[in-house]
Amino acid sequence: MSKKFVYLFREGQASMRDLLGGKGANLAEMTNIGLPVPPGFTITTEACNDYYALGRNLPEGLWEQIGPALGDIEKATGKKFGDKDNPLLVSVRSGAKFSMPGMMDTILNLGLNDETVEGLAASTQNARFAYDSYRRFIQMFGDVVLEVEHHEFERILEEAKEKQNVNYDSELTAESLKGVVEGYKRLIQRRTGSPFPLDPMKQLEQAILAVFRSWNNDRAIVYRRINSIPDNIGTAVNVQSMVFGNMGNDSGTGVAFTRNPSTGERVLYGEYLMNAQGEDVVAGIRTPQPIKSLEDENQAIYAQFVKTSNSLEAHYRDMQDIEFTIERGRLYILQTRNGKRTAPAAIRVAVELCREGVISKEEAIARIEPGQLDQLLHRRMDSEAKLEVIAKGLPASPGAASGKIVFDADEAERLGHTGEKVLLVRTETTPDDIHGILAAQGILTSRGGMTSHAAVVARHMGKPAVCGCEALRIDYAHNTVTIDGVTYPEGTLFSIDGTTGRVIKGAVPMIDPELSEEFKELLGWADEIRTLKVLANADNPRDAQKARDFGAQGIGLCRTEHMFMDPARIPIVQEMILAQTLPEREVALAKLLPMQEEDFYGILKVMAGFPVTIRLLDPPLHEFLPNVEELVVDITKLKLQGDREEELNEKEVLLRKVRALSEMNPMLGHRGCRLGITFPEIYAMQARAIFQAAARLVKEGYEIYPEVMIPLVIHVKELAKLRKVTEEAAQTVMAEQGVTFAYTIGTMIEVPRAALTADEVATAADFFSFGTNDLTQTTLGFSRDDAEGKFLPAYLEQNILEHNPFAVLDRIGVGKLMKMGVQLGREANPGLKVGICGEHGGDPSSIEFCHQIGLNYVSCSPFRVPIACLAAAQAAVSSKGQ
């Protein structure tokens, strides 16, 4: 017996998302709660996966299940598929478990041919509507299934409008549309070598296959990668009887959100078009009307829609994104899903739903994508700045951005990869532009509304967007845009304000964001729920204060080499490195000591009451010296000049020292604790500076908790020797200053041997901090700089690795070493504190893993502290539910 591949809407329910996809599950749920949903059926995600497993062939038994399901729709509608007198037309839409708006393919009006179009015209007494539906179907089928370029169909349509001397598609007569249909069919014959298929069952089969194929189109693959959606879950296919918004002025179509997706305000938000089909709204081909205007146009329909929207939000307990059609004055609901929203909106909606008693604090926390919080940290335009506003459109996605204007997604991606900041300017975006949108700082379109493709995708990505800016006249042939008679070439610097819809010439000064009260309240709930502490990586008092403002509970990594890089200190650091004897080196270290003391004093003071983990010098010494090639050039010039012998001798001595210190592989060379072993006086100076700063602060009445971290340990003997150096410095300072203070000494676990021998290392450590940047490099054998620029993209494209291991922690490899390190370390030292301070400390997936293996804290950049707090709370909520 074959698998059940086809489910009528009434046979499904909301809990079947894995099998029916999000769209199919929601259509089933709405059907079963009695909403006006056109009847249909869903082909399961299993069928899609089997299609790929069978070498892109439909699985056995699928087609045999489709016939009876079609019969059920025919019975419900009183129409017959392929009937020339009263034809049933269907839509064929994709629908994966996770919402992927616009990424896969849709075909409307399927079932039309030269006979059924006449039957449709007769049954509706509207030939114009019938031929408008037919030309739309051929265009979508030709584009999606037969892969004829979309713009070629548009050219034929534009020619028809010019010939009839009208501006809009809706103004074309039935006769003009018949001509368009014939032109489309000739185009398909010319481009494919075969006539347009007229058999409705063949159309349906080809459309289903096309939707399955679209699961692996380029834009869907890019979207899944951006949003961490698995490649192996497949898409369902929804086949649904058509209802028509283009049957005249008593018909229409629209998209609406139950709350504002930009702000979260509890007000119905959306757009509609009368005498149009859904694609007209979301594709931005015509500029729609705000949903509130529907109340003036048809008060009864508007009231029914408001009631339905409220019911859907109450049923799903979340903001809904609803697609609807009005056919001859009757409302139909075509889809609902949890609406994509900006981070400010997501937070406001979650907090207000919690306040309303609809969801719990834990559910509110779980509703927010931690990565979305980056949007809240985006800067906005300085309200005091003088702006040269040259145009205004719709404020489609909040935030502000400046960049060079480009008119092509490929060019946006190319320039983005070189570090250029660009704004993607298009008439309207399509799903094929996803890579350009990703690379751009913001989006500007001349068409489309607040629910157009550009607006929805930009909001989801947290990028500013201005849409429907009708003043733009874009010339793709010459890569220019003209506004009020002024032409701007590609590369001109523009700014956009997605909050107000303004388009500004030139760059604009920005100011830091302010966090909303809802955001602060949400983070307060996160603090109540999470068990992981969240610390920050900061190397100066300014960053430490920023981290504290964002809620950091201490500093998990203070990198002292960043202090050494100060241009004013470089000569002294070089003096220390070039010293030939210990007394010479100590003279230089004595100059650095007060500087280091001030560094540590400032950071410890800002973080009073919280721990501050200070990593002693880590990079190889040659990094503080001039480049070999630069020295060779300088020496050559001096030799040619022949009159600056003293300077020449100094340069030659420096070159010999640089060459003596140079290494074949510095990352694995003379750095970290290896410097402390060979030059213990360097670590002794740093330890003294830390403790002298601590002593001053204790005398001033501050509660401080310095933690000294020894980097790159591979053996317990290294740590024991350097612990002794550090403890001697502490005892000396306490004796000299007449004060006592608490301190701890630990190490950074960043090479496999340290993790494998953690039980030994822990006997000399008060804490471990996993340095996962280097631990990833040493475990995988990847040089990060080389891997990310050369072969790592191929590994991700070919699914050898699921994620970039430098962005998302490699749980199977690096994670196994971490888990072992934690277990072994705590077996030897039960009071061992363990955390993470690599970049993974700010990644939600990695934070979840840190919670699972029992770490005490994560440490990340100051601006990612709120993200880490939320992710840590979500990890706690998730673990309770398991």
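Across the interface of domain 1 and domain 2, six residue pairs are in polar contact, both residues at pLDDT 80 or more. A polar contact is a pair of N or O atoms within 3.5 Å; within protein, one must be able to donate a hydrogen and the other to accept it, and residues adjacent in sequence count only if both atoms are side-chain atoms. Helix 1 (17–32), strand 6 (106–110) and helix 5 (127–144) are the elements that give two or more residues to the side of domain 1 that touches domain 2. Helices (H or I, at least four residues) and strands (E, at least two) are DSSP runs, numbered from the N terminus.

This is a predicted model, in which local features need pLDDT of at least 70, side-chain atom pairs count only at pLDDT 80 or more, and totals for chains, interfaces and linings use all residues. Residues are numbered from 1 along each chain as its sequence is written, and side-chain values use heavy atoms, with hydrogens and water left out.

The domain assignment gives the protein chain domain 1 (6–241), domain 2 (252–341), domain 3 (378–511), domain 4 (530–620 + 663–881) and domain 5 (622–662). These bounds come from an automatic or database domain assignment. The C-alpha centres of domain 1 and domain 2 lie 22 Å apart. Their contact (heavy atoms within 4.5 Å) takes 24 residues from domain 1 and 21 residues from domain 2.

How much area do domain 1 and domain 2 bury between them? The value is about 2100 Å², with 53% of it on carbon and sulfur atoms. Buried area is the accessible area (1.4 Å probe) that two parts lose on being put together, summed over both. Met 30, Pro 36 and Arg 136 supply 25% of the area that domain 1 buries against domain 2, more than any other three residues.

Salt bridges come next. Each is a side-chain nitrogen of Lys or Arg within 4 Å of a carboxyl oxygen of Asp or Glu. The whole structure holds 51 salt bridges, and the count between domain 1 and domain 2 is one. Two examples follow.

| Salt bridge | N to O distance |
|---|---|
| Arg 93 and Glu 323 | 3.9 Å |
| Asp 132 and Arg 128 | 4.0 Å |

Asp 132 and Arg 128 both lie in helix 5, four residues apart, about one turn of the helix.

Elsewhere, Arg 784 is found in helix 31 (residues 784–789). Beyond its neighbours within four places in sequence, Arg 784 is in contact with Asn 773, Gln 777, Phe 806 and Glu 839.
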